[in-house]
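Hello,

Here is the structure I promised to pass on. Please have a look at it first, and then read my notes below.

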Amino acid sequence: MKKSALVDALLFTAFSCVNVMAAETVPANSQIYKEAKSLSKVPANSKVFTGKAEVIPMSQQVPGMPVHNGIVIFEPGARTFWHIHPAGQFFTVLRGEGRTGVYGEKARIVKPGDVVICPAGVKHFHGAGPDTQMVQMTVTGDHPEGKGVTWLEEVTDEQYNKIEK
């Protein structure tokens, strides 16, 4: 299978994943299924994102799995602010090219199929490249106190453009 076909399959699968809300329960020996067209896109919060991005919440908490997940669609140049996840996070790039960085280090370019694992408490950012959209699927650990992310300051253009070669 070609890489682009694999990425399209991953993207389709991600958009077809369940959107489980806390009030929903899974019937015994069953699944919850939501069609992609039923999943809502919401604009990313401009107080913690630079540029235009949309979020597709995939789950609040999957029964029996202490995680939250979703898809983020970053338009060119869009990125998160610096942030940490008290219980960690990983994301997979589904489409486009992006950047991710750990505070105090050069940013790294990420491409479709790449997986970024960010342990608990690591200050980082992620977003699209300057000239390309990036779509990522995130999985964030549930923190016992219910706080999956702590938002910090904006990533400067200098930090965003300082790339590891």
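To get you started: in which loop is the place of G88? G88 lies in the loop between β6 (83–84) and β7. Please keep in mind that this is a predicted model.

G88 has a relative accessibility of 6%, so it counts as buried, the cut-off being under 20%. Beyond its neighbours within four places in sequence, G88 is in contact with C118, P119, A120, T140 and G141.

Next, take a look at T138, which sits in strand β12 (residues 134–141). Its relative accessibility is 9%, so T138 is buried too. Apart from neighbours within four places in sequence, T138 is in contact with H68, N69 and G70, and also with Q89, F90 and F91.

Now for the nonpolar cores. The largest one has 13 residues, and F49, A53, F74, V93, V110 and M134 are those with the most contacts inside it. Two elements, β4 (67–74) and β7 (89–96), each give two or more residues to this core. There is also a second, separate core of seven residues, among them L39, I71, I73 and V135.

Enjoy exploring!

Best wishes

Definitions and conventions: Residues are numbered from 1 along each chain as its sequence is written. This is a predicted model: local features need pLDDT of at least 70, side-chain atom pairs count only at pLDDT 80 or more; totals for chains, interfaces and linings use all residues. Side-chain values use heavy atoms; hydrogens and water are left out. A nonpolar core is a set of buried Ala, Val, Leu, Ile, Met, Phe, Trp, Tyr and Cys residues joined through side-chain atoms within 4.5 Å. Buried means under 20% relative accessible area, exposed over 50%, partly exposed in between (1.4 Å probe, protein chains only). Helices (H or I, at least four residues) and strands (E, at least two) are DSSP runs, numbered from the N terminus. Contact means heavy atoms within 4.5 Å.
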